[in-house]
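Please open the structure in your viewer and keep the selection tool ready.

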Amino acid sequence: MPNIIRFENINAPELAVFHSLKDSALKRDDIFIAESVKVIDVALDRGIEPVSFLMEERQIEGIGKDIIARCPNVPVFTAPREVLSSMTGYELTRGLLCAMKRPPQKSLEEVLKNAKKIAVLERLSDSVNVGAIFRSAAALGMDAVLLFNNCSEPLNRRTVRVSMGSVFLVPWAFFPKETFPTPENAVEFLKEKGYLTAALALKDNSININDKKLRENEKIALFFGAEGDGLSASTIENCDLTVKIPMHHNVDSLNVAAAAAISFWQLGNN
C-alpha cells in the first residue's frame, strides 16, 4: 500500500526539505531534490535512494502512479493544488518532487579510471549552464566531468533538473581544494595522467576545434571557463593547446553550454 500523507499547510515541518531549505542545507543533510518523473526515474535506475515525495493529489493516480509503485514504502506527501501553488517554483516541477539521498562522492581516481574524453569546468557559477553541459556530455559520449570548487554543484536542485538526470549518468568529481589549490595543479595532474589538455578560448594562437591535433592523443581533457570571463589566464597558459570554435558575423563568443555541446559533438564525430 502506498504511504500517502495529506497536508493542508505547506509550512508543516515535514515539507521544509522541499521548499524552505537552501541547497547548502540540503547538502549538509546529505539530501538533494529531484524534479519531474523523467529525472526521478533516471535517479532510481542508478540506484539512488528516495527519502520522500511531494506531489499534487491528482498526480497520485496520474504521472506519479508508476513512481509510487517503484517505491511503495517511501512517504508521499500531498496536498491540493491550490495549497502547493503557493510554494516558490512549484509550478515548474510538473507536480512531482522527490527528496533523495546524495550518492557517495566519487574520487578523481575513480572517475578517471576508464575515462578518455573528459570536460573540466572552471568557475561556472550558473547552475543552468552546468546542467546543460552535463546533458550534452551524456548525450554526446563524454566519459566524465571534473569541476573546480568554484563551480555550481551538480546536485544543485536546478542543475539536476536542467540536466534531465544526466548528472547521474556521467561520472563526475571535484578537484579537492587542499590538493589542487590552483588550476595549474589540475592541468599538471591531468597531463601526468596522459591527457592532452585543451583550453577553449579565443586567442591568437587558438587552433580550430576540428584540428587533427585534438585527435592525436587517445585521452583528452577539454577545459571550459566562467560565463563572461572564460578560463583563467593561468589555465590557458598551462594547457597543451588553446582551441576555438570558428564563428561568423563578428560574433565574439558562444554561451559556454553551447560551446561545450559543439566541442563534444566534434570530438565524437571525427
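Axes here are lines fitted to C-alpha atoms, for helices over the stretch in contact, and angles run from 0 to 180 degrees between N-to-C directions. Helices (H or I, at least four residues) and strands (E, at least two) are DSSP runs, numbered from the N terminus. The model is a predicted one, in which local features need pLDDT of at least 70 and side-chain atom pairs count only at pLDDT 80 or more, while totals for chains, interfaces and linings use all residues. Residues are numbered from 1 along each chain as its sequence is written, and side-chain values use heavy atoms, with hydrogens and water left out.

**First stop: two helices**

Select helix 7 (residues 127-139) and helix 11 (residues 256-268), whose axes come within 9 Å and cross at roughly 10°. Helix 7 and helix 11 are therefore roughly parallel to each other (angles under 35 degrees count as roughly parallel). Next, show the side chains in contact (heavy atoms within 4.5 Å): Asn129, Ala132, Ile133, Ser136 and Ala137 of helix 7 meet Val256, Ala257, Ala260, Ala261 and Phe264 of helix 11.

Now keep helix 11 alone. Buried residues (under 20% relative accessible area, 1.4 Å probe, protein chains only) of helix 11 include Ala259, Ser263, Gln266 and Leu267. Select strand 6 (117-121), strand 9 (196-200) and strand 11 (220-224): together with helix 7, these are among the elements that cover the buried residues of helix 11.

**Second stop: an open sheet**

Which order do the five strands of the open sheet have? The order is 1-4-3-5-2, with mixed pairing (two strands pair if DSSP finds at least two bridges between them). Strand 1 (3-6) and strand 2 (31-35) are the edge strands, each pairing on one side only. On average, neighbouring strands of this sheet are turned by 25° against each other, direction ignored.

Select strand 3 and strand 4 (residues 75-79), which run parallel and are joined by four bridges. Methionine 55 stands opposite threonine 78 of strand 4.

**Third stop: one residue**

Finally, select serine 52 in strand 3 (residues 50-56). Is serine 52 buried or exposed? Serine 52 is buried, with a relative accessible area of 6%. Leaving aside neighbours within four places in sequence, serine 52 is in contact with Phe18, Val74, Pro75, Phe77, Leu97, Cys98 and Ala99.

Definitions and conventions
Parallel < 35°, antiparallel > 145°, perpendicular 65-115°, else oblique. Buried < 20%, exposed > 50% of the residue type's maximum accessible area, 1.4 Å probe, protein only.
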